[in-house]
Amino acid sequence: MARLKLKAAFLVSAIAMLATAGQAEDRFGIGREATPAEIAGWNIDIGRDGSNLPPGNGSVERGRTVFSEQCAACHGDSGQGGVGDRLVGGQGTLASPKPIRTVGSYWPYAPTLFDYIRRAMPQNAPQSLSNQDVYAVSAYILSLNGFVPANAVLDAKSLAAIKMPNRDGFVSDPRPDVHNH
Amino acid sequence: MSEHTTDKRVREASRRRFLQAGAALAGGSAISGVAGSTALAEQGNNLPPNVPEWMKAPGDPMGSQPYGTPSVHEKAVVKNISKTLPQYISASGRTPLQELDGIITPNGLFYERHHGGVPTIDPAEHRLVLHGMVDRPLVFTMEDIRRFPSQSRIHFLECSGNPVYTKPYGKTASDLVGLLSCAEWTGVPLKTVLDEAGLQAGAKWIVAEGADAAALTRSIPIEKCLDDAMLVYSQNGERLRPQQGYPLRLLLPGFEGNMNVKWLRRLKVVAEPAYSREETSKYTDPMPDGTSREFTFYMEAKSIITRPSGGQKLTTQGFHEITGIAWSGHGKIKSVEVSLDEGKNWQQAELQEPVLTRALTRFRLPWHWDGKPAVIQSRAIDETGYVQPTLAELVKVRGLNSFYHNNAIWPWRIDANGEVTNGQA
C-alpha cells in the first residue's frame, strides 16, 4: 500500500516536472532582484586564489598588536597554548601517530585565513575588525609560522602568492574504502 | 489549578511513591537504567485494588501548558551535553538515542552542533540572497520562500564526527552516536529556487553561508543542489527551532551535518568550491600517510542497538526485544543483521515500515536472555550492498586519527548481572 502511494506520488511529481520543463521560462516570479550594493555587503567569501580579497594591506607589526588585543586570550600570545585552536607549528607531524594540525602545518591556502578571520573572529565580536586589521592579523599568524618575514606587509596579491606547506596534502574521497569481510 | 499547585502535588506524589517503592525495586522492571520512569512500585495506595489519587481530583485545566512539555516523570530525558567542554560557543549536544522509540527525533531532543552559538533571528529581518553564476540575482524574504511549492520529507542528519576513532569510547548509545537525529522536514526543493534565478553554464558548486556568528560556509556540488537538496523552514510540523537554523536552513540528505547550513542567508553559485576553513582545515579526514581526504560528503551505512545498550541493565532473564536504528547516506537500508555471540553468527532483524531513503530505520529482534554473559551488536546493509564494517576494519585503512566518518559496528557487552557496557571499551 505504502509502495503504491509512493509510486503515485512519483508519477505526480514526474508529470509536474514535465510540465515545468515544457515551460522553462515560466517562473513563479517570487523574490526580487538583489542590488549590487546588497550583494557587495554580504559577498565575503574569498577564493583560494585570493579572488574577492578587498583592497588594503596590513603589516606583521600591526598584526602583533591586534593579535595581542583581540586573539591572544584564546589562542595564546604566540598562537598556541590557549583554549582556541593552535595556530602555529606542527609541520612534519601529519604522518606521525600524533599529528598537530595548525594553520602552519595543515591549512592549504593562505587567503582562507583572511576569509575566516574576517567572518568568524574574534569569536566574541566577528566581522568587527577592519579589512586592514584582518590583513595584519593574517600576516602576523603567517609570520609566527615563518612564512613571511617580521617586516612583511600583506595585501591581496602578496597574501595569495604565499604557498602553504600542506597545499598538496589533500586527496579526494575514495570511499567506500573499507569492506566488511 | 496553578502550575505551582500542580508541581507541588506531583512532587508529593513522587515522594510518596518513592518511599513506597523502596524495598520493591529489584525485579520490578525487565530493564532499568533508562532515564524515564521505569522504577516500578510494587505496592502503594495508587496500585490495584486501590483507586489511584490522580483519579480522585480533576487534573490540570486546559491552558495550563500553552506549549506542551513531557511528563514531569520524564525530566531526565534531555540532550546529552558534556559538562567539561573547554567552551560552549562552538560545541555539540547529543540526542539521548537510547531513550527514544520509532524513527522521529522530538524537536527538543534533536542533536545540536553550532560553531558560533545559536543566533536569535527575527524572521521579518532575515533574507536569503542568491547570486553568483545566475541570470537573475535574487533576494528572498521568508514569506517569499514559503510561497514556493512545498515538500515534506523524512531524513536523518548526522555529524561527521560521530564518534571519533580514539578512546575513551562513550558509555551509552548517545555518547557514541548521539550526534544523529531524524525529522520530517518541510521546505522547498533547492532546484525550484535555483530555477527562479536561472543557473548559468559552468555553474558547478554553490557556496552556502549561515547568518550566525561563525558565518559558517560550505560548498555544495551542483549535482546535489539539483537532486534532493531542500531549503527547510519547518521540522516535525513546526517552524525550525533556533538550534536547527530558524528561520531557514539547507538540508542535504545523507551529507555530513555541518554542510546542512543553518540560519541560511546566502547561496553563491560558483565554478569551484570556496575551500573555506571548514572544508579544508576542519571537516577533512587525516590519514596515516599524512594526507587528508577532502569533500567527504556522504555518511555511510551504520546502525546501533539502542536497547539493551550501554548504561542499562537487564533485570530479568527471559524475553527481551533487541531494538535499534540503522541509516545510510546512500539510500535505503536493505537489511540489518544482529549477532548475539560476539560476531560469530548473524541473524536478520525485522525492519519497521516505513523504510525510507536517507532516514532512520527502526529494527527489532526478539531475544531470550538466558542470564549468561553475551555480546550483542548490529550491522546495517544498505541498498547499494554496502555492509557496515567493524572498527578494526576501519582503523586498518584509516588509522586512529581520521576523526570523521566512523561508521563502525558497535558491540554491547552484557554481564551475568545484566549490566550492559561498551563492548569496545
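1. A residue is called buried if 20 or more other C-beta atoms lie within 10 Å of its own, exposed if 12 or fewer, and partly exposed in between. In this predicted model, B:Arg127 has 18 other C-beta atoms within 10 Å and is therefore partly exposed. B:Arg127 sits in the loop that runs between strand S3 (112–114) and S4 of chain B, and, once neighbours within four places in sequence are left aside, its contacts are B:Val139, B:Phe140, B:Thr141 and B:Arg265. The C-alpha atom of B:Arg127 is separated by 36 Å from that of B:Ala326, which is 199 residues apart from it along the chain.

2. Strand S4 of chain B belongs to an open sheet of six strands with mixed pairing, whose order is S1(A)-S5(B)-S4(B)-S13(B)-S8(B)-S9(B). Strand S1 (32–33) of chain A and strand S9 (217–221) of chain B stand at the edges, and because each has a single partner strand, one side of each is left without a neighbour in the sheet. Within this sheet, strand S4 (residues 128–132) and strand S13 (residues 264–270), both of chain B, run parallel and are joined by four bridges, with B:Gly132 placed opposite B:Val269 in S13(B).

3. Another open sheet, in chain B, has five strands in the order S20-S19-S23-S24-S25, and its pairing is antiparallel. Its edge strands, strand S20 (347–348) and strand S25 (420–422), each pair on one side only. Strand S23 (residues 374–382) pairs with strand S24 (residues 412–414) over three bridges in the antiparallel sense, and here B:Ile376 stands opposite B:Trp412 in S24(B).

4. The largest nonpolar core has 130 residues, and those with the most contacts inside it are A:Val137, A:Ala139 and B:Leu231. Helix H6 (residues 131–144) of chain A gives the most to this core, contributing nine residues. Domain 2 (91–293) and domain 3 (302–422) of chain B both give residues to the core, so it lies between them. Residues up to four places away in sequence not being counted, A:Ala139 touches A:Gly58, A:Ser59, A:Val60, A:Gly63, A:Val148, A:Ala152 and A:Leu154.

5. B:Ala183 lies in strand S7 (residues 180–189) of chain B and, with 26 other C-beta atoms within 10 Å, is buried. Apart from its neighbours within four places in sequence, B:Ala183 is in contact with B:Ile104, B:Thr105, B:Phe110, B:Gln235 and B:Asn236.

6. The peptide bond from B:Asn162 to B:Pro163 is cis, with omega near 0 degrees, and B:Pro163 is in the loop between strand S6 (151–158) and helix H3 (173–177) of chain B. A cis peptide bond also leads from B:Arg307 to B:Pro308, with omega near -5 degrees; B:Pro308 is in the loop between strand S16 (302–307) and strand S17 (313–314) of chain B.

7. A:Gln127, which is not a glycine, has a positive phi of about 60 degrees; this residue is in the loop between helix H5 (111–120) and H6 of chain A and counts as exposed, with 12 C-beta neighbours inside 10 Å. B:Ala215 likewise has a positive phi, near 40 degrees, but lies in the loop between strand S8 (205–210) and S9 of chain B and is buried, with 25 other C-beta atoms within 10 Å.

Notes. Residues numbered from 1 in each chain as written. Chains lettered and ligands numbered in written order. Predicted model: local features only at pLDDT ≥ 70, side-chain atom pairs only at ≥ 80, totals over all residues. Pairing = 2+ DSSP bridges. Helix = DSSP H or I, 4+ residues; strand = E, 2+ residues; numbered from the N terminus. Contact = placed C-beta atoms within 7 Å. Core = buried A, V, L, I, M, F, W, Y, C linked by C-beta atoms within 7 Å. Domains from an automatic or database assignment.
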